[in-house]
Amino acid sequence: MSQDPGNLPEGMPLSFGLPQIQQCPFAAYNKLRPDTPVYKDPLTGNYVLTRYADVRRATLDVKNLSSRTGLGSTRDTAAKEETDAIYDAKGYRPMDTLISNDPPSHRMYRQLVDKAFTPNKIDELEPHIDEIIHGLIDQFIDKPEIDFLAEFAIKLPMIVIAEQLGVDSKDMDRFKIWSDVSVESQDPTMTYEREIEVVNILTDMQQYMAAACERLRKNPDGMLLSRLVHAEVDGRQLDTPELLSILQQLIVAGNETTTTTLASGMKQMIERPELVAQLRADPSKMRQFVEETLRVMAPIQTMFRKVNEDTEIHGVKIPAGSMIEVRFGAANRDAAEFPNPDVIDLDRPNANTHLAFGVGPHLCIGNQLARGELRLAFKALIDRMDNFRASRGEDSYKYTPLYIAYGPTQLWMNFDKR
């Protein structure tokens with residue numbers, strides 16, 4: 001899918017706030033990266049970084065580039081007075097805990113969450129995840145055509161994280177809405193009216209999850225949410241507003257990113273059937289396929305950082321208070337770091353240095369869970385299915401313009417049973 005930013009309507013500037021570019025931002029990255037690696041977006045005023053080295057350096061610079069941007073868990077916008085009133089009346093004001101927080105406060109929250117998200121606990125989940133995967137495949141494998149998103153890519157990560165967060169199966173539709181809105185809530189171009197709608201939806205989620213936390217305080221069950229509720233650092237446990245802030249981030253980390261990567265990976269296997277043959281011939285390459293799919297089709301394209309002190313990057317002066325966009329999607333396709341960057345290469349030696357999950361203190365807390373789900377899912381799909389085909393030509397794929405996330409939101413396909 002290509003989108004040439006040079007073909008924008010006359011007089012329309014290149015901006016990542018434009019739906020035309022959000023639908024496929026990679027041509028815009030390629031246009032900017034060589035000569036304008038620090039680009040001031042004319043619509044948002046944000047400074048956009050597109051080179052790997054710059055994005056990585058900026059993400060690690062927690063001293064001068066703050067994650068407390070006013071676009072994360074807490075928003076500093078024109079709607080703030082009204083949204084605060086809604087939170088006060090119906091839920092809890094958001095807090096900056098993980099993604100939108102800085103050390104040293106961030107460190108304490110991360111330690112508490114890491115206690116609940118141990119590698120051993122993630123490994124223990126894999127047999128159950130495999131059962132969910134095969135159960136979902138059973139439901140569609142005899143159908144002549146499917147929307148891969150609706151039948152599989154949305155359902156798998158949603159079921160896994162919802163179970164871990166104590167969400168009842170009958171509430172999955174609500175959970176999906178909460179997940180979508182949690183991603184949208186960080187859009188810097190959101191209108192005043194939409195921000196009010198979003199906050200009303202998020203308070204519905206808060207009420208639901210607060211009730212679940214209260215139940216688990218009295219009756220622990222060993223699932224992820226229960227472990228979070230009872231986690232301690234130096235005798236300190238999370239209170240309800242802190243828990244809700246972290247849970248909103250977990251819903252995105254454990255759900256949205258995996259959904260879009262599953263769909264992106266399937267699209268790659270449809271368009272490059274030789275990848276399927278290589279994976280069957282050498283199953284050990286499945287981890288590499290997962291890493292390369294994450295790199296090429298980064299599910300979260302950008303995060304934001306606020307400049308604490310006047311700074312300069314490649315001769316561009318960036319005043320204190322400005323917003324920088326660390327464009328992971330651009331960094332992951334920087335040819336200076338990844339030769340032939342647009343192609344999934346199962347022998348690429350540095351595939352796992354991509355930035356799809358971030359880097360440093362803010363490395364995505366759900367990255368190991370997501371990697372496990374993706375590896376098990378792709379293995380099961382190629383074990384049980386063959387000859388993946390886009391069933392409606394170019395109309396098989398739909399991309400919904402989003403500021404933060406990227407990936408197919410519809411994928412019509414058919415296949416042969418093995």
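Me: Where is S15 placed?
Reply: The model under discussion is predicted. In this model, α1 covers residues 19–22. The place of S15 is in the segment before α1.

Me: Is S15 buried or exposed?
Reply: A residue counts as buried when its relative accessible area is under 20%. For S15 the value is 0%, so S15 is buried.

Me: Which residue's side chain is joined to that of S15 by a polar contact?
Reply: Leaving aside neighbours within four places in sequence, S15 is in contact with I21, D41, P42 and L43. The S15 side chain also reaches the backbone nitrogen of G17 at 3.0 Å. Between side chains, a polar contact of 2.7 Å links S15 with D41.

Me: What span should helix α6 have at 1.5 Å a residue?
Reply: Helix α6 runs over residues 119–140, which makes 22 residues. The expected span takes 1.5 Å times one less than the number of residues.

Me: At which residue does the kink in α6 lie?
Reply: The kink is of about 35°. Its place is shortly before the proline P127, at E126.

Me: Which strands are included in what covers the buried residues of α6?
Reply: The buried residues of α6 include I122, L125, E126 and F140. Their cover includes the helices α7, α8 and α16. It also includes the strands β4 (146–147), β9 (385–390) and β11 (410–417).

Definitions and conventions: Residues are numbered from 1 along each chain as its sequence is written. This is a predicted model: local features need pLDDT of at least 70, side-chain atom pairs count only at pLDDT 80 or more; totals for chains, interfaces and linings use all residues. Side-chain values use heavy atoms; hydrogens and water are left out. Helices (H or I, at least four residues) and strands (E, at least two) are DSSP runs, numbered from the N terminus. The bend at a residue is the angle between axes fitted to the seven residues ending there and the seven starting there. Buried means under 20% relative accessible area, exposed over 50%, partly exposed in between (1.4 Å probe, protein chains only). Contact means heavy atoms within 4.5 Å. A polar contact is a pair of N or O atoms within 3.5 Å; within protein, one must be able to donate a hydrogen and the other to accept it, and residues adjacent in sequence count only if both atoms are side-chain atoms.
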